[in-house]
Amino acid sequence: MPNIKIFSGSSHPDLSQKIADRLGLELGKVVTKKFSNQETCVEIGESVRGEDVYIVQSGCGEINDNLMELLIMINACKIASASRVSAVIPCFPYARQDKKDKVGSRAPISAKLVANMLSVSGADHIITMDLHASQIQGFFDIPVDNLYAEPAVLKWIKENIPEWKNCIIVSPDAGGAKRVTSIADRLNVDFALIHKERKKANEVDRMVLVGDVTDRVAILVDDMADTCGTICHAADKLISAGATKVYAILTHGIFSGPAIQRINNACFEAVVVTNTIPQEDKMKHCPKIQVIDISMILAEAIRRTHNGESVSYLFSHVPL
């Protein structure tokens with residue numbers, strides 16, 4: 001693939017390497033370091049003049065440092081005369097701060113701020129996965145490809161849950177109903193949802209189950225899990241409502257704070273996440289966590305974008 005360069009930020013080098021391997025490319029040379037006052041310094045180690053540049057950086061770990069590093073890398077490539085700079089952001093940072101709620105109307109809309117920062121730094125194109133709210137695409141005036149983990153999730157369900165034809169797909173909140181109905185339709189099974197009321201962020205107050213899960217395998221599906229309070233509450237609710245087994249499938253496994261301890265204590269058969277965020281350390285402390293590799297979806301999106309082909313095939317197929 002001529003005239004293409006892929007650079008990795010420091011948030012998820014493993015995923016970047018998998019993407020490069022899949023495309024048969026070497027990762028570009030880049031040195032990221034911090035000065036003693038904690039300012040980020042980025043040096044691109046090879047020419048990018050006239051190249052189609054892709055920078056892979058996920059919104060995880062030290063989120064603010066990684067976001068700043070991404071902005072500096074985009075700008076460094078742009079002012080070194082790259083013809084196009086695309087940011088590949090598997091997990092979009094600040095995606096949950098996407099609107100003002102009725103309560104506390106002085107809240108910021110930080111996702112829009114991040115969109116502006118990416119645009120101003122010089123990004124020409126964004127590739128991301130399972131945005132918390134699809135409308136975030138509209139915060140940008142540049143093209144955004146929001147890819148879906150759904151085809152990879154369907155494949156995992158069919159290969160790893162023997163009784164999947166008698167399962168029920170459950171959304172742990174009303175916001176994920178659309179995602180869940182889409183998966184349930186493609187598997188030709190029923191769906192249920194759980195209505196939750198939050199008193200404040202990261203704390204769930206009470207839950208109501210809508211749908212019948214008696215004597216069925218329940219599969220909880222959501223786009224992300226952070227402290228895992230919601231999905232662990234939901235799992236308890238499903239077991240008490242008569243479900244035989246409970247699985248959780250999440251695109252972004254953030255797992256901060258008490259998350260790992262909660263998953264270990266909860267009644268899940270498995271908690272399945274994609275590798276948009278590195279999971280190696282968490283898997284050591286929690287045997288229930290399993291990982292779906294989505295590097296081939298991102299790699300294929302990069303290949304198609306570079307060649308000027310349509311990306312919509314990836315919305316319903318896993319590349320072979």
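**Exercise 1. Determine which residues Ala241 touches, leaving out residues up to four places away in sequence, and place Ala241 in the chain.**

Step 1. With contact taken as heavy atoms within 4.5 Å, Ala241 touches Leu209, Val213 and Thr214.

Step 2. Ala241 belongs to the loop between helix H6 (229-240) and strand E12 (245-253). Helices (H or I, at least four residues) and strands (E, at least two) are DSSP runs, numbered from the N terminus.

Step 3. The relative accessible area of Ala241 is 31%, so this residue is partly exposed. The classes are buried for under 20% relative accessible area, exposed for over 50%, and partly exposed in between (1.4 Å probe, protein chains only).

Step 4. Asp215 is 26 residues from Ala241 along the chain, and their C-alpha atoms are separated by 9.2 Å.

The model is predicted: local features need pLDDT of at least 70, side-chain atom pairs count only at pLDDT 80 or more, and totals for chains, interfaces and linings use all residues. Residues are numbered from 1 along each chain as its sequence is written, and side-chain values use heavy atoms, with hydrogens and water left out.

**Exercise 2. Find which residues of helix H5 (residues 177-187) are buried, and state what lies on the face turned away from them.**

Step 1. The buried residues of H5 are Ala177, Val180, Ile183, Ala184 and Leu187.

Step 2. These residues are on the same side of H5 because they cover an arc of only 135 degrees around the axis. The arc is that of the directions from the helix axis to the C-beta atoms.

Step 3. Exposed residues Lys178 and Asp185 sit on the face of H5 turned away from its buried side.

Step 4. Asn188 follows H5 and lies in the loop between H5 and strand E9 (190-200). Its phi is positive, about 60 degrees, although Asn188 is not a glycine. Asn188 has 70% relative accessibility and therefore counts as exposed.

**Exercise 3. Describe Gln38 by its phi, its position and its accessibility.**

Step 1. Gln38 has a phi near 75 degrees, a positive value in a residue other than glycine.

Step 2. The loop between strand E2 (30-34) and strand E3 (40-44) holds Gln38.

Step 3. With a relative accessible area of 54%, Gln38 is exposed.

**Exercise 4. Characterise the surroundings of Met129.**

Step 1. Met129 is part of strand E6 (residues 125-129).

Step 2. Its relative accessible area is 0%, so Met129 is buried.

Step 3. Leaving aside neighbours within four places in sequence, the contacts of Met129 include Ile89, Pro90, Tyr148, His252 and Ile297.

**Exercise 5. Work out what lines the largest cavity and how the lining divides by class.**

Step 1. The largest cavity has a volume of about 50 Å³. On a 1 Å grid over the protein atoms alone, a cavity is a set of points where a 1.4 Å probe fits but cannot get out, and lining residues have an atom within 4 Å of a point.

Step 2. The lining consists of Gln57, Ser58, Gly59, Ile63, Asn66, Leu67, Leu70, Ile89 and Pro93.

Step 3. Helix H2 (residues 63-79) gives the most to this lining, with 4 residues.

Step 4. By class, 5 lining residues are nonpolar, 4 are polar and none is charged. Ala, Val, Leu, Ile, Met, Phe, Trp, Tyr, Cys and Pro count as nonpolar, Asp, Glu, Lys and Arg as charged, and the others, Gly among them, as polar.

Key. 1 Å grid on protein atoms, 1.4 Å probe; cavity = no way out; pocket = protein on both sides within 12 Å on 5 of 7 lines; lining within 4 Å. Points joined across faces, edges and corners; volume = space filled by probe spheres on them.
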